[in-house]
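Here is my note on the model you asked about. Please keep the sequence and the structure open while reading.

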Amino acid sequence: MKLVRVVLLCGMLGWSADGVAAQQGSPAPPALLSLTAEPRPLTPASTATPRIKPLPAVSPAAPPSPFAGTERTGIGPSGSWQPADGAGDASPAGNGNAMSNSAPAAAPRTTSATGPDLPQSGPVLPLPQNEAASPEADLSAADSSLLDMLLSEQAGACGPNAAESAGCQWLCDPACNRLWYARAAGLVMGRNQPNRVWFSDQSNNGADGLMNGQDAQVDWQGGWQVTLGRRDPCGTWGLEGTYWGFTDMRGDASAAHPAFVSTTLDFTDVVYANPAVPGLPADLFLGVYEQRLDRRNEVHNVEINLFHYRPTREDDPLRLDWLVGVRYFRFDESLRFSSRAHDGAWGENPSDEGFLSDRAENNLVGGQVGFDLAWRVRPRVTLSLVPKFGIYNNHIHNRFDAYRGDGELFGPNPNPPAGDPVPGSFPAVSSKDAVAFLTEADIRLDWRFSPGWTAFLGYRVVAATGIALADHQFPPHVVDIQDAILTIDDNADLVLHGAFAGGEFRF
């Protein structure tokens, strides 16, 4: 009985398999497809549990979009995103039909926490790697922008609140865009008098003084001045260099008397350096026909100043700016005292002519500060006051000579009648460093008669202390080389003053 039941069950199963095969149009059951991976059932998008796959690591500076590499054309029937043509899902049979709920998925799909399902099959373009900008690149860009601004030729690039250079914002003319300027001027200057040092008197009458250092007063001397400067495009800062000076400021004086002329200087113990030369140097300075003084001054001034210009309203008639800079100032003075013991012209008998001369060179180097106070008198006329104050190191070089007209040198007596011989010889050369103060003040009237041209005229005063003057280096006793001549006197003052006039061109 059990055997009969088993036979009937097998027959029923065989009949069922033949019916299914007939309905599918196949004489035999279909062969099973070989799968490379175990298929996963696809749940509808509305009920599927999101599965998140980590994205490839990228630079933290610029994370890529989660949709990068896949082109989307729309939303499918089930509410999920559809990939572009050629990137669709494949059925188990190998056709490229779109996904359906009744067909198993050939490739798994993932959904992100914030976006739709993403396909995992099909060609995928590599994600672009965004490199973070290096600090060097940012610094180079900033430096480039700053350099471009400094080299710009247009002041308007700095904004409406930028200050213009001196006078430019007031006038509001095309010269505002001309950053370079050059000035040239002529000047005529004189100087104050040194302290009195007496050189000559009437022979046998010392109370009758005939000539002192102030008699050799220098004349007014002409010179020249040049300035080259540039302001930054914003008109806030300006840098300029200036030179002015003159090279041949001269003065002279002479003393003569029917009763002859003598010197006030003491020639005791002064002899000729060459013992073979007869006579004494005092014979050339006592009871002579004529004595004279010749003075020569030379001035050179070089300075570089940095100006800071303040913004000024158009209706404000006053402007106050400041400056800081460095200066080199040189005052070179030579003074020669000559005596003629023969009755003739100078140079006819050199052996009867004696000379004492001193040259004092003052070289001042230091810093200075100042300001520029300008008052707009008219729309194109400005009155300015520019004082500068500085402290300097004065390097002084001094040389004192004593000689006869034919070149024979004087010297201290090596065998004086009393006391020890005085050390030293001629020429006596020495130098020292001292503190000096210098102040310069210019008052100037400017008239801008065209956008690029300005005419100006003014008056300048320069006062310096701690200066060595040649007059003060002459000793009462000519033999006193060590204690008087080599010790430089630097407690004098110098005042230069005069007018200047010229023009300025902006380009």
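The points below go from the whole chain to single residues.

1. Basis. This is a predicted model, in which local features need pLDDT of at least 70 and side-chain atom pairs count only at pLDDT 80 or more, while totals for chains, interfaces and linings use all residues. Residues are numbered from 1 along each chain as its sequence is written, and side-chain values use heavy atoms, with hydrogens and water left out.

2. The chain as a whole. Four helices and 18 strands make up the secondary structure. Helices (H or I, at least four residues) and strands (E, at least two) are DSSP runs, numbered from the N terminus. The chain has 507 residues, and 38% of them count as buried. Buried means under 20% relative accessible area, exposed means over 50%, and partly exposed lies in between (1.4 Å probe, protein chains only). The accessible area of the chain is about 27900 Å², of which carbon and sulfur atoms supply 60%. Such areas come from the Shrake-Rupley method with a 1.4 Å probe; for residues, only the protein chains shown count as cover.

3. Contacts along the chain. Among contacts with a separation of 6 or more, 76% are between residues 24 or more positions apart. A contact here means heavy atoms within 4.5 Å.

4. Strand pairing around S18. Two strands pair if DSSP finds at least two bridges between them. S18 pairs with S5 in the antiparallel sense over eleven bridges, and with S17, also antiparallel, over 14 bridges. For valine 462, the bridge partner in S18 is leucine 496.

5. Which residue forms a salt bridge with glutamate 504? The partner is arginine 183, with the closest N and O atoms 2.7 Å apart. The two residues are 321 apart in the chain, glutamate 504 being in S18 (residues 492–506) and arginine 183 in S5 (residues 180–191). Glutamate 504 counts as buried because its relative accessible area is 7%. A salt bridge is a side-chain nitrogen of Lys or Arg within 4 Å of a carboxyl oxygen of Asp or Glu.

6. Other salt bridges. The structure holds 27 of them. One joins aspartate 321 and arginine 319, with the closest N and O atoms 2.5 Å apart, and both of these residues are buried. Shared partners also join Glu303, Arg327, Lys388, Glu440, Asp442 and Arg460 into one network of salt bridges. Another pair is arginine 296 and glutamate 298, at 3.2 Å between the closest N and O atoms. Arginine 296 is partly exposed, at 28% relative accessible area, whereas glutamate 298 is buried, at 15%.

7. A nonpolar patch. S12 (318–340), S13 (353–378) and S17 (453–467) each supply at least two residues of the patch. S13 gives the most, with three residues. Leucine 373 is in S13 and is partly exposed, at 34% relative accessible area.

8. Tryptophan 180. Where is tryptophan 180 found? This residue is in strand S5, and its relative accessible area of 34% makes it partly exposed. Tryptophan 180 touches Leu228, Gly229, Arg230, Phe505, Arg506 and Phe507, leaving aside residues up to four places away in sequence. Arginine 231 is 51 residues from tryptophan 180 in sequence, and their C-alpha atoms are 6.8 Å apart.

9. Backbone details in loops. The peptide bond from phenylalanine 426 to proline 427 is cis, with omega near 0°; proline 427 is in the loop between S15 (410–412) and S16 (428–448). Asparagine 204 is not a glycine, yet has a positive phi of about 65°. Asparagine 204 lies in the loop between S6 (198–202) and S7 (205–212) and is exposed, at 84% relative accessible area.
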